[in-house]
Structures are given as C-alpha cells and as structure tokens.
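Hi,

Here is the structure I promised to pass on. Have a look at it first, and my notes follow below.

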Amino acid sequence: MTSSALAGAGAGDGRDAEVATSVLRADDVAVHFGGVKAVDGVSIVLTPGRLFGILGPNGSGKSTLLAALTRLVPLTRGRLEFEGRRYDRVRPHTIAARGVARTFQTVRILPGRTVFDNVALGAESAGSGSKAERGRARERVRRAIERTGLSGKERHRPDELSYGHQRRVEIARAIASEPTLLLLDEPTAGMNRQERDDITGLLADLRAEGLTQLLIEHDVQMMVDACDHLFAMNFGALIAEGEPEAVVRHPAVQEAYLGTQGRAHA
Ligand SMILES: Nc1ncnc2c1ncn2[C@@H]1O[C@H](COP(=O)(O)OP(=O)(O)OP(=O)(O)O)[C@@H](O)[C@H]1O
C-alpha cells in the first residue's frame with residue numbers, strides 16, 4: 001500500500017517539506033523470514049522533534065521494523081536514510097554512533113554490572129577517550145540516571161532492582177548517548193500505572209527538548225495521548241498513519257484490533 005492510500009491526516013499537504021527535513025526516512029522496507037513477511041513494503045518519514053508511535057496487534061511487524069531501522073536484521077528490500085544519508089548497508093554500531101539509540105522489548109542489561117556501568121555503556125559510545133571526554137560522558141550518565149528516577153541506585157546491580165527499574169536502566173543508557181533519534185520498544189511493559197506515567201512524562205520532556213522518538217506500545221489510549229503522529233501496522237504493512245485520533249478511528253485499524261486476528265501472513 002502506498003502512503004497516499006493511508007489515513008494520511010499528517011501525510012498530505014507539506015509532505016515534500018517534511019521529507020526535506022526528515023530525521024529518518026524508510027522507503028518500501030521489507031523484512032521476510034523465509035515465507036513470513038514480517039515487514040512488507042513499509043515507508044515512513046520521521047520529522048524532527050516529534051513523538052511518533054507504532055500501533056498494531058501482536059505479530060504485526062512492529063519490532064521487526066525497529067530491528068530493520070537499527071540494522072539488526074537485513075532488509076529483504078528497501079532503502080533507509082538517516083539525516084539525509086543512506087544507511088541500509090551500514091552495521092548497527094555505525095548507525096548507533098551516528099545518533100540512533102534504542103531500547104528493546106525485553107530488558108537487555110548486563111547482570112554483573114552496576115546501574116552506573118550499564119548506563120555508561122550508552123555514554124561511552126558517544127565519546128572519545130580523552131580525559132575531558134570521559135568527564136563529559138560521566139556527566140551524561142549522571143544526568144540520564146537522574147532523569148529516569150534511578151538516583152541512589154547507581155551502585156545497585158540489576159537483580160537488586162524491580163523490573164520497572166531495570167527498564168529505566170535501558171532508557172537511561174539510550175538517552176546517555178544523547179541521540180538524535182530514540183526508538184523505544186514497549187518501554188512501559190510490565191510497569192504499574194505510576195511507573196508508566198513517569199515514563200510517558202519523561203518521553204514528553206524529551207520531546208519538548210526536541211528529541212525525535214519512535215515508540216511502540218500496545219496501550220492505544222496512552223499512544224493517542226503521548227504521540228504526535230501514529231503509524232498503524234497489520235500483517236507487516238502500514239494500514240494507516242497520521243493524527244492519532246484519526247488513526248485509531250480508521251476502519252482498517254478498528255478491524256485489525258476488533259476483527260479477525262491471528263491469521264497466518266506468510
Ligand atoms: N527471527 C525471526 N524469524 C522468523 N520469524 C520471525 C522472526 N522475528 C519475527 N518473526 C515473525 O514476524 C512476524 C512479526 O513479528 P514482530 O515481532 O515484528 O511483531 P510485533 O508487531 O512486534 O509483535 P508483538 O506486539 O507481539 O511484539 C511474526 O509473525 C513473527 O513470528
């Protein structure tokens with residue numbers, strides 16, 4: 001499906017101008033695993049300073065799209081650009097070094113290392129080895145720890161933390177690299193209401209500071225409240241995009257959530 005066939009509340013007028021100032025642009029991206037078309041012909045444009053969301057039922061291809069955007073899975077076809085530079089052939093660490101940070105659906109932190117050390121892994125990837133750089137990196141780590149509500153837990157190890165706090169360590173590590181684009185795969189999964197509100201508040205603060213974000217979450221109301229622009233996926237394809245309220249009312253999105261689910265999409 002082409003973007004012109006989508007809900008398109010935010011994809012019509014001014015699209016050319018949006019493309020010219022895009023942080024990230026993905027064109028006709030496909031990721032097939034054998035016969036499974038996990039992502040199949042997705043085109044998206046992320047413009048600066050906005051909070052974008054991806055909605056879709058289980059298995060619709062959201063995480064695979066994030067993996068494609070961070071070069072963790074090879075593209076079956078398609079083209080990727082970050083800040084105007086093509087990157088669909090570069091290695092994951094190269095695109096991370098250029099300013100794309102992410103968190104994963106399942107917590108990926110080093111069990112034997114402290115909170116501070118885990119967060120520092122993000123800051124180190126942004127800095128060189130000089131003494132001044134190391135000092136600045138430590139400052140970024142301290143700031144990321146403070147912003148994610150982990151102050152006082154710097155010397156704790158992950159197994160001494162609640163699941164919600166382990167997820168915060170991941171977010172802290174991602175923002176410690178001071179990225180241009182932050183990709184978050186279900187950052188509030190497993191959190192209680194208060195913890196979720198804390199995280200969505202943090203994402204809103206980061207947005208206010210101009211950080212471009214792409215968020216996956218299943219809570220539709222939370223996505224409508226948090227995001228400037230939603231992409232809806234089903235069976236590996238984009239089925240709607242645009243202003244959040246319009247996207248969730250779109251018939252194809254309603255059908256994806258309320259209609260037949262769990263069909264094979266090989
Ligand atoms: N490495 C893989 N090998 C084979 N199939 C895969 C692989 N990764 C994902 N898939 C399949 O691709 C499809 C899309 O999966 P993906 O995890 O991207 O969906 P999702 O929308 O993120 O789902 P969820 O909301 O449950 O996390 C699913 O059918 C999944 O089983």
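Predicted model: local features only at pLDDT ≥ 70, side-chain atom pairs only at ≥ 80, totals over all residues.

Next, which residues of α5 are buried? They are Ala-137, Arg-140, Val-141, Ala-144 and Ile-145. These cover an arc of only 135° around the axis, so they sit on the same side of α5. If you want to see what lies over them, the cover includes α4 (115-124) and α6 (163-176). After α5 comes Gly-149, with a positive phi near 75°.

Now for the domains. The protein chain splits into domain 1 (21-99 + 181-210 + 218-265) and domain 2 (109-179), and their C-alpha centres are 25 Å apart. Where they touch, domain 1 puts in 12 residues and domain 2 puts in 11 residues. On the domain 1 side of that contact, α3 (92-98), β7 (181-185) and α7 (193-208) supply at least two residues each. The most comes from α7, which gives four residues to this side of domain 1. Sorted by class, the side of domain 1 that touches domain 2 has eight nonpolar residues, two polar and two charged.

Cheers

Note on methods
Residues numbered from 1 in each chain as written. Buried ≥ 20, exposed ≤ 12 C-beta atoms within 10 Å, placed from the backbone. Arc of directions from axis to C-beta. Contact = placed C-beta atoms within 7 Å. Domains from an automatic or database assignment. Nonpolar A, V, L, I, M, F, W, Y, C, P; charged D, E, K, R; others polar.
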